[in-house]
Amino acid sequence: MTKKFDAESHFTAMQNTMDLTIDAAWKPMVLQHLSIAAEMAQLINNTPLPENELALANTFFAGEAKRANRDDT
Amino acid sequence: MTMTHTPEQGCWQQHLDALRLFDKQINSFSAILDKRLMQQIAQAKPAQAANSSAPLAGFSFGVKNLFDVKDQITLAGSKINRDLPQAAADAVLIQRMEAAGARLIGCLNMGEFAYDFTGENSHYGNCNNPHDLSRMSGGSSSGSAAAVAAGLVRVALGSDTNGSIRVPASLCGVFGLKPTYGRLPRSGTFPFSDSLDHLGPLARSASDLARVFDCLQGYHPGDPACQNRPVLHSHEQLPQGLANLKIAKLGGYFDTEGFPEAAAAMEKVCQALQVADTVLPKGVSEGRAAAYLITNVEGSALHLRRLQTRPQDFDPDTRDRFLAGAMLPAQWYARAQQTRLWFKQHMLSLFTKHDILLAPASPFCAPKQGEKTFLLRGEPKLLRPNLGYFTQPISAIGLPSVVVPTWDEPSKLPIGVQIIAAPWREDLCLRVAAALEQQGFAFIKPPHFFESESR
């Protein structure tokens with residue numbers, strides 16, 4: 001995500017796409033949560049991840065650490 | 001017809017009667033299981049009696065009401081789940097607790113669908129903090145922490161996706177363990193975010209926490225995330241204390257500037273452990289952001305059909321977050337999972353030099369119920385998504401973490417500190433927790449409400 005996020009227009013588009021019926025009274029809080037998520041997305045967009053690699057299968061395991069697991073071997 | 005009780009049944013019944021009385025003020029239980037308990041005692045063989053040598057003989061426990069309990073509806077703190085059929089069997093961890101001699105006495109309240117750090121619930125009422133009934137218990141394992149803090153159960157089971165064991169443990173002043181991701185099977189529990197969901201115990205001492213953890217371990221094929229690891233005998237290792245452990249404090253993102261209660265708790269624990277090193281981990285904000293997005297997307301995906309058909313039946317505080325999560329771009333989710341791996345690699349490198357890392361468990365002591373915002377690094381932020389500011393980055397990458405209770409002197413309220421280790425080294429966290437308890441730096445206190453109740 002590089003462009004400025006517009007919570008209002010995103011809300012309008014996605015509400016229909018996802019078949020969600022959202023009461024007008026709920027909308028301000030949903031917009032606020034969308035804006036928070038957009039801030040979070042901006043943060044992760046800046047991480048220097050390797051290109052041409054997804055490695056999603058690796059993300060579900062807790063992994064190992066050399067020193068602290070020395071007793072396991 | 002009057003039921004005649006055996007002596008053991010009579011003891012337990014007295015306990016349940018007292019529990020009912022005290023819980024009127026706390027609201028930690030959603031169901032008290034008298035009938036099940038009495039039947040189990042009646043059917044127990046002599047070797048299973050309370051004085052047997054089973055490791056958890058005599059332990060009472062409760063479970064967050066997202067655990068399946070045979071013949072009970074698994075509410076997960078919601079109104080919506082009332083439409084589900086009763087559970088056909090107990091969750092695997094309940095079976096393990098009972099096999100070890102513990103007695104299940106009830107189901108415990110929680111934040112709706114576990115999307116909560118406050119302990120507030122619009123369907124079943126707020127779970128009150130036993131140390132100040134006007135304050136939050138923390139969530140989402142609110143009933144688990146509050147019931148343990150009030151002494152209504154000896155131990156409880158909870159779940160932790162972003163801090164839902166550790167935040168209420170901190171606010172209620174009890175010991176809590178979030179094990180390594182994949183350590184304990186989640187079979188027979190209502191999910192929230194599969195990539196991040198953990199189960200774990202809360203207890204009144206580090207020793208009880210270790211004893212329960214040892215009985216809960218073991219592979220189970222019912223949970224694809226569960227890893228087949230050697231079982232740790234952590235209770236046996238508690239006497240090793242701090243021997244040969246290198247301990248450091250986490251700085252940077254985890255700095256306590258602006259949070260005097262958390263700062264005092266950290267200082268107390270660091271002094272007790274003679275910690276001089278501070279390490280500055282990289283990428284914590286990004287790791288936490290990844291957990292935030294993964295939770296939001298996975299939780300919303302789980303509930304999408306209900307969000308489309310009956311949004312009015314959700315707790316408003318969770319509904320609005322789930323609705324937002326249902327609208328997030330898929331690319332954000334994929335990037336969040338990648339970022340989580342990147343952050344994990346950075347964090348694991350810290351364990352080449354240190355065995356234990358310390359961090360606050362919550363930014364402050366229990367807030368007053370109904371509070372919606374707080375100042376985070378000078379900026380006003382919503383309370384509900386941010387009470388787990390210090391816990392969320394740790395569960396994002398599945399590290400084991402034990403919360404120990406300390407006490408804020410001005411307010412007389414509890415606040416916890418996280419003891420974090422490398423994956424699969426819960427034993428080290430528990431050794432440090434036990435050492436702090438032995439030295440008198442981490443301990444539980446009886447709740448204030450007992451004083452007014454007895455007048």
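Residues are numbered from 1 along each chain as its sequence is written, with chains lettered from A and ligands numbered from 1 in the order in which they are written. In this predicted model, local features need pLDDT of at least 70 and side-chain atom pairs count only at pLDDT 80 or more, while totals for chains, interfaces and linings use all residues.

Me: How many residues of chain B are in contact with chain A?
Reply: Two residues are in contact if their C-beta atoms, placed from the backbone, lie within 7 Å. On the chain A side, 37 residues take part. Their partners in chain B number 45.

Me: Which element gives the largest share of the side of chain A that touches chain B?
Reply: Helices (H or I, at least four residues) and strands (E, at least two) are DSSP runs, numbered from the N terminus. Two elements of chain A give two or more residues to this side: α1 (7-17) and α2 (27-45). The largest share, eleven residues, comes from α2(A).

Me: Why is strand β11 of chain B largely enclosed by the rest of the structure?
Reply: A residue is buried if 20 or more other C-beta atoms lie within 10 Å of its own, with C-beta atoms placed from the backbone. On one side of β11(B), B:Ile356, B:Leu358 and B:Pro360 are buried, and on the other B:Leu357 and B:Ala359. The strand (residues 356-360) is largely enclosed because its buried residues number five of the five.

Me: Which strand does β11(B) run antiparallel to?
Reply: Strands pair if DSSP finds at least two bridges between them. Three bridges join β11(B) to β9 (residues 247-250) of chain B, and these run parallel. Five bridges join β11(B) to its antiparallel partner, β15 (residues 414-421) of chain B.

Methods: Buried ≥ 20, exposed ≤ 12 C-beta atoms within 10 Å, placed from the backbone.
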